Amino acid sequence: MVNVRDFQYVAEIARWGSISKAAEALYITQPTLTKFLQRVEGEVGTPLFYRVGKRFLPTPAGELYIARAESILRLSQQLEQELRDLSALRSGSIRMGATAGRVDYIVTAVLPQFCRRYPGVRVLLGMHHTQQMMQMILNNELDILVANHDEEQPALEYEYLGEDELALAVPAGSPLAGAARQVEGFRYPVISPEDWREEPFVLPSIGSRSRSLAESYFQSVGVRPRVVAELMGIQAVMSAVQAGVGVSIFTSVPYPSARELRYLSLGRRDIPRQRAAVITRRGIRRNEAQEYLIELLRRAYQ
């Protein structure tokens, strides 16, 4: 008997025009997807795709199958959403994804308020690579994603939260926080490289996007920082900064413990920025609990 996943697999092959790319998007092996397609084509009694080199192009039967598959997938998603809506205010769960630097403020600034209003609703908060979580949204494995975005996909909806800019992070009691000055047009008090170039630095690990942005900035201002620690993940870097291990440079995601850490602007208009957004699947009706969670995320950024 055909199940919904069969329709999803065929639709993904049509979307990518490639077995290998579709298998990668579905997080299964290429041989598994090939055997699946062979089975489905055997069941329907006709090929669903022309094989043109490595390209898979729908046959007339394939076009009909794909059109009906997409309709069935939409109905399945609608049913799932409506069933969740029935219990959203009393029980159930919200599946949420976030990039590493945002988990701390979600846990400390958002979840306490949410749980007070909806004590019976569980928030299942996961942390993965952004592209993996984007695919999880498309696969209906996540309801809400909080992440940076550069390019918008037509199947997703984006609600802009704000911008994160490359900034100097220092302990709240650091003399640097007192030396910085407010300048019109800058989000945080401005500090110059001459004030911090001799400071010990705690940096994100090599290979991360935050580390690449920091290295590019150091090169542009001619500074070779004295690095005392390299840590995996922005949360670990934040903890080290607030503990006084050193200062750091990374994109300024919201941080709830304002008494322990300060962001200082680097004084340049062309500083790298990242757009943060709440990302959901297009056309999916959100329930009251989900809307409230998104409102709390918006407040945290503002």
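Let us begin with two helices. Helix H2, residues 19-26, packs against helix H3, residues 30-44, at an angle of about 110°, and their axes are 9 Å apart. H2 is therefore roughly perpendicular to H3. On the H2 side, the contact is made by Ile 19, Ser 20, Ala 22, Ala 23 and Leu 26, while H3 contributes Gln 30, Leu 33, Thr 34 and Leu 37. Sorted by class, this contact of H2 with H3 comprises six nonpolar residues, three polar residues and no charged ones. Please bear in mind that the model is a predicted one.

Is Glu 41 buried or exposed? Its relative accessibility is 11%, and because buried means under 20%, Glu 41 counts as buried. Which side chain does the side chain of Glu 41 meet in a polar contact of 3.1 Å? The partner is Arg 51. Beyond its neighbours within four places in sequence, Glu 41 is in contact with Thr 46, Pro 47, Leu 48 and Phe 49, as well as with Arg 51.

A polar atom of the Asn 287 side chain lies 2.8 Å from the backbone nitrogen of Gln 290.

Thank you for your attention.

Definitions and conventions. Residues numbered from 1 in each chain as written. Predicted model: local features only at pLDDT ≥ 70, side-chain atom pairs only at ≥ 80, totals over all residues. Heavy atoms only, no water. Axes fitted to C-alpha atoms, helices over the stretch in contact; angles between N-to-C directions. Helix = DSSP H or I, 4+ residues; strand = E, 2+ residues; numbered from the N terminus. Parallel < 35°, antiparallel > 145°, perpendicular 65-115°, else oblique. Contact = heavy atoms within 4.5 Å. Nonpolar A, V, L, I, M, F, W, Y, C, P; charged D, E, K, R; others polar. Buried < 20%, exposed > 50% of the residue type's maximum accessible area, 1.4 Å probe, protein only. Polar contact = N/O pair within 3.5 Å; in protein donor to acceptor, adjacent residues only side chain to side chain.
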